[in-house]
Amino acid sequence: SNVPAHVNWGHAVPDYEMDPDVVNHTDPEVRPTTEDFLRVPTVSLTMDWDLMFGSGGIYIAGEGVDRPTSIEYINPEADTGDPNTAQGFQTDGTVRIVGGSSTGRWKSDKLSMRLKFSPDLRYPVFGDGRSDRFDTLVLDHRLNNVWHYNPGSAAGPSQAARAQYTHDQFPADLHNLMGGLSPEGKHCLLYINGVLWGVTELHERPDDNFAAEYLGGDNGEYDVIKHQANRVVAGTSTAYNAMLNLTRQDMGEQANFDAVEAVLHIDNFIAYMIANYYVGNTDWAHQNWYASYGRDRPDGKWYYHSWDPEHCMESTTQNVTNKDNAGGPTEVFVNLVANPEFRLRFADAVHRHFHNDGVLTPTNAAKAYRRRADAVDFVTRIESARWGDNGDTRINNPYTRLDWLRVRDQLLGTVGGGAWGNYFPTRTGIVLGQFVSRGWYPQTDAPEISPFGGSLPNNTTLTLSSPDGGAIYFTDDGSD
């Protein structure tokens, strides 16, 4: 009742309502509960209504303009009485509209936003092991594989049918778990001037400030590139294009590869590529990537960071290993994989992560996915009430948590159906086969050691065996 009536936005009409069909649903698995609002933190923006939604407001006018706002972060865990739990914060900053959903409006009625803090926010948003200092954070509402995708469009039903609210962060998680460096994120609920805006993914932006926080030094020491070789976020593109030119030399010459390794963090890069190949990222790498370089750092190297991989896990058999986008990470990989040493290091990383207790074994990949899915599970009841009826064909037939559960269980292979069905039980073997077909992974199986890893009693007998029955070469002095 307090929403100004003159505001006009959206593909049809403004959408502020909590759908009574969901709120009052007879099935307790569908309707939101009071407890659901306390399952994740809340972000509350308070600002002049017209600056956001007025005729010249940023929700109407689009990207490129920052407007002042109060930013409050409410942590429900702060009420547990644990003195070590962060209590939340309130600070002033700015907000702007960002993302393809805003430039291509109204592909989405639920636009993404970027928060800017001045001075920097000091708060452990993502917990131990991550930065507690932020210049920028993103309120990401996604464009693909969500219930509010392109309302009324022909592709809308297929996009919304895959909705999980996990597709963007999960590939970044895989990169981080394999030792790479990509943004961290978490699910929250967003309010704008007291109006519930639904589920948001609050996450880091891998810009120069991000690089300085995790790689050291000052943000002014970094070059950051986004989407294309000459799209500069910070610094210049000179060093990036120099690195590209190094990769375009004859990689059969080891000295040429050594020159690339001097300026590109090979292990971070390999983990980044494996993560994107595993999830079948189809909207990449002609865009949707970041790279940072500490040009004034004595140990500075180029790092690639996951960004906007929403078009992933859409098909269990998806193969993106044939991508070769000029100036992007796929071109860099295609250039480098011609080098025998790089090819072996890639194969070693694949073997490490696809076997034994590796990150991308079926069990561990599913476990990593469940971490994100479990966090948003019951909160989808709120998102269903807020945006489940957003499409023109869904007014009286909203998407609900039951739709979300079906897709999750199809991915996990516990129920049938969907092009993405049985993803986690079978995807590891499928991608490994793709690498073998490309000649990036040996057709000979690696030797097996038993027991595999861990702490062992003195005088334990170790056994090396070859699944293929071939000879095994090894050193016993640590030289290999």
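This is a predicted model: local features need pLDDT of at least 70, side-chain atom pairs count only at pLDDT 80 or more; totals for chains, interfaces and linings use all residues.
Let me start with the fold as a whole, where the protein has 16 helices and 13 strands. Its radius of gyration is 24 Å, close to the 23 Å that the globule rule gives for 480 residues, so the protein is as compact as a globular protein of that length. Along the principal axes, the C-alpha atoms fill a box of roughly 75 × 50 × 50 Å, and 53% of the 480 residues count as buried. Among contacts with a separation of 6 or more, 68% are between residues 24 or more positions apart.

Turning to the aromatic residues, the count comes to 49 aromatic pairs. In one of them, the ring centres of Tyr-16 and Phe-53 lie 6.1 Å apart with the planes at 80 degrees, and because an angle over 60 counts as edge-to-face, that is how the pair is classed. Tyr-16 sits in the segment before α1 (20-23) and Phe-53 in helix α2 (residues 49-53), so that this pair links parts of the chain 37 residues apart. Tyr-369 and Phe-424 form a tilted pair, at 5.1 Å centre to centre and 40 degrees between the planes, and here helix α13 (residues 362-376) is linked to helix α16 (residues 423-438) across 55 residues. Tyr-369 is buried, at a relative accessible area of 0%, and Phe-424 also counts as buried, at 1%.

Technical notes: Residues are numbered from 1 along each chain as its sequence is written. Side-chain values use heavy atoms; hydrogens and water are left out. Helices (H or I, at least four residues) and strands (E, at least two) are DSSP runs, numbered from the N terminus. The radius of gyration is taken over C-alpha atoms; the globule rule is 2.2 Å times the number of residues to the power 0.38. Buried means under 20% relative accessible area, exposed over 50%, partly exposed in between (1.4 Å probe, protein chains only). Contact means heavy atoms within 4.5 Å. Rings of Phe, Tyr and Trp (its six-membered ring) pair if their centres lie within 6.5 Å; planes under 30 degrees apart count as stacked, over 60 as edge-to-face and the rest as tilted.
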